[in-house]
Amino acid sequence: MFPILTAAQIARLQVHGTHRTIAKGEILAAPGDRNRPLLVVLSGSIEVLQTGIRGEVPVVVHTPGGFSGEMSTLQSIGSVVLSRVREAGEVLAITEEHLRAIVQTDAELSELFMRAFILRRVGLIQSQAGDVILLGSSHSAGTLRLQQFFTRNSYPFVTLDVLTDPSVQALLDRFHVKAQDVPVVLCRGEVVLKNPSNEELAACLGMNQTIDDDRVRDVIVVGAGPSGLAAAVYAASEGLDALVLETGTPGGQAGSSSKIENYLGFPTGISGLALAARARIQAQKFGAEIRTAYTALKLGCDQRPYAVDLGQGTTVRARCVVIATGAEYRQLAIANASRFLGAGIYYAATATEVRRCEMQEVIVVGGGNSAGQAAVYLAGKCSHVHLLVRAKGLLDTMSRYLIRRIEEMPNITLRVQTEITALEGVEQLERVSWRTAPDSIPETHSIGHVFLMTGALPSTRWLAGCIALNDKGFVRTGADLDAAQLMAENRFGARLPQSFETNWPGIFAVGDVRCGSVKRVAAAVGEGSACIQQVHQALHD
Ligand SMILES: Cc1cc2nc3c(=O)[nH]c(=O)nc-3n(C[C@H](O)[C@H](O)[C@H](O)COP(=O)(O)OP(=O)(O)OC[C@H]3O[C@@H](n4cnc5c(N)ncnc54)[C@H](O)[C@@H]3O)c2cc1C
């Protein structure tokens with residue numbers, strides 16, 4: 001976390017930085033400060049502290065050979081710590097631009113800096129100190145959303161539960177907020193945000209620089225799930241000027257997976273969160289500009305460069321656009337449902353999920369073929385399957401062969417006109433309540449596994465009137481496009497759309513949002529990476 005640079009390493013850094021003297025007590029960075037250089041201590045020392053309601057908490061003292069910085073140094077976002085000169089001396093100051101050049105060209109220093117930055121951020125998160133405090137309740141969906149925002153952005157914060165933490169009342173009084181206002185974020189110990197939106201929170205934390213909307217980029221990637229992050233890594237590493245827009249937090253659906261076990265190269269599995277954090281810093285290392293809490297509201301494709309409208313008068317432009325906005329699985333309309341994602345609620349019934357519920361009772365929700373297939377598959381592995389359907393039967397929505405198989409399997413119970421009303425559990429789902437019409441008397445069962453097979457909705461509303469979609473709203477690309485229509489529109493000249501290209505030249509779609517894609521992390525990453533070659537081709541044309 002805090003390596004000491006050798007004389008040879010410092011010598012290599014000299015060309016990238018400038019020398020400056022530092023005076024005792026001088027503040028080199030305060031929480032929220034942006035565009036801070038990385039400082040290599042040549043003489044004297046720098047103390048790093050976390051500031052918060054409990055005062056200053058020491059993190060480390062950098063002595064000669066040590067260096068400042070953590071993940072935010074490479075991300076152009078606000079500092080999360082206070083850096084102050086302890087003993088006067090001299091430092092080598094390296095700007096973010098030069099630091100990026102170093103991590104892209106000097107393999108040894110790149111590994112040393114990147115490892116230190118990541119470990120330092122992990123340490124700050126684990127310390128449960130700092131000046132960003134979330135006052136919330138474990139029963140509030142708003143609290144969960146904000147916790148997810150902090151966690152998925154790897155942002156250090158302190159969380160206090162108004163129902164169980166006795167120290168909260170003093171804070172509520174001090175900041176004139178009431179328990180019923182929760183969730184409340186005390187940002188930098190000064191600003192009180194009541195149930196803030198992701199955008200408000202990101203602004204307060206200094207996470208988002210204003211976007212330079214005068215510059216025309218090579219490529220804008222919309223969505224920072226696995227496919228968008230892969231596109232960003234490949235675009236930036238191949239020298240393209242890439243802007244990534246993400247409405248929530250990087251990671252997409254994969255970010256909500258507690259363990260991805262089928263992604264190549266991770267034999268013991270990797271959490272979606274860890275995969276997303278690594279991919280994000282990897283893209284930023286190569287110079288991709290990632291902006292979270294920015295939503296693409298409309299794609300303008302009638303003029304090139306193409307325009308992406310971000311609302312409030314901001315429009316960004318690029319010669320190519322990669323649509324990587326994925327899909328949202330229909331969730332249960334129950335406040336705490338997202339808490340059990342991957343911890344009892346699943347969107348797929350494969351060997352991975354089955355390992356968690358073998359020989360146990362499970363619930364499958366849905367009346368379509370995917371629900372039928374899941375029920376039949378699970379019945380072969382689990383003790384009992386309850387198939388919950390809102391409709392009066394399966395005939396209108398499921399293939400006959402599946403209905404017959406369900407009827408033939410003694411350990412599947414079809415429960416029509418039934419819907420889930422409550423979920424309970426601490427870390428893992430433990431109990432499920434449902435009610436069946438017409439009596440609608442709720443029943444509670446000790447079942448810890450629910451498979452939601454109610455379909456996914458593609459995030460394509462922002463493409464309306466512009467991009468060709470299939471009947472379910474997924475983006476058509478390549479051979480899936482209507483050939484006669486393409487001919488009539490005559491936008492591509494003599495060539496045909498490439499495999500990830502939409503009905504507009506230079507606009508691509510990858511990952512779950514693309515019709516016919518395999519809805520898996522590896523497939524999304526593959527498509528995101530591969531499409532950059534097609535972006536090069538489109539830029540060349
Ligand atoms: C709980 C869960 C567990 C899973 N487990 C596995 C697994 O173990 N193995 C596996 O292979 N697959 C798994 N999957 C599937 C896998 O996560 C997806 O196939 C993959 O995430 C798709 O990646 P994507 O980038 O195409 O889309 P997404 O992951 O959906 O990412 C799309 C991103 O775009 C953003 N976005 C949407 N609209 C806009 C907009 N207008 N402006 C800006 N940003 C926008 C979203 O916020 C999101 O971050 C799982 C899925 C879920 C839900």
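Where is E527 placed? E527 sits in helix α14. Before going on, two remarks on the source. This is a predicted model, in which local features need pLDDT of at least 70, side-chain atom pairs count only at pLDDT 80 or more, and totals for chains, interfaces and linings use all residues. Residues are numbered from 1 along each chain as its sequence is written, and side-chain values use heavy atoms, with hydrogens and water left out.

With a relative accessible area of 10%, E527 is buried. Buried means under 20% relative accessible area, exposed means over 50%, and partly exposed is in between, using a 1.4 Å probe and protein chains only. Not counting residues up to four places away in sequence, E527 touches F500, V510, G511, R514 and S517. Contact here means heavy atoms within 4.5 Å.

Next, the cores. A nonpolar core is a set of buried Ala, Val, Leu, Ile, Met, Phe, Trp, Tyr and Cys residues joined through side-chain atoms within 4.5 Å. The largest one has 26 residues, and those with the most contacts inside it are V219, V221, V322, F508, C531, I532 and V535. At least two residues of this core come from each of β10 (216–222), α8 (226–237), β11 (242–246), α9, β15 (314–323) and α14 (521–540). Helix α8 gives the most, six residues. A second, separate core of 25 residues includes I220, A296, C301 and C466.

Take V322 as one example. Leaving aside neighbours within four places in sequence, V322 is in contact with V219, I220, V221, V222, A231, F508, V510, C531 and V535.

Now helix α9, residues 272–285. The expected span of a helix is 1.5 Å times one less than its number of residues. For the 14 residues of α9 that should give 20 Å, and the end C-alpha atoms are 20 Å apart, which agrees. Buried residues in α9 include L275, A276, A279 and A283. After α9 comes G287, with a positive phi near 100 degrees.

On to a pair of helices. Two packed helices are described by the angle between their axes and the distance between the axes. The axes of α11 (residues 369–379) and α12 (residues 400–408) come within 10 Å and cross at roughly 35 degrees. Axes are lines fitted to C-alpha atoms, for helices over the stretch in contact, and angles run from 0 to 180 degrees between N-to-C directions. In this contact, N369, G372, Q373 and V376 of α11 meet Y401, L402, R405 and I406 of α12.

Last, the backbone. Most residues other than glycine have a negative phi, and most peptide bonds are trans. Which peptide bond is cis, with omega near 5 degrees? That is the bond from V182 to P183. P183 lies in the loop between α6 (168–174) and β8 (184–187). A cis peptide bond also joins R304 and P305, with omega about 0 degrees. P305 is in the loop between β13 (298–300) and β14 (306–311).

Two residues other than glycine have a positive phi: S154, near 50 degrees, and N195, near 40 degrees. S154 is in the loop between α5 (141–152) and β7 (158–161), and counts as buried at 14% relative accessibility. N195 is in the loop between β9 (191–194) and α7 (198–204), and counts as partly exposed at 41%.

Definitions and conventions:
Helix = DSSP H or I, 4+ residues; strand = E, 2+ residues; numbered from the N terminus.
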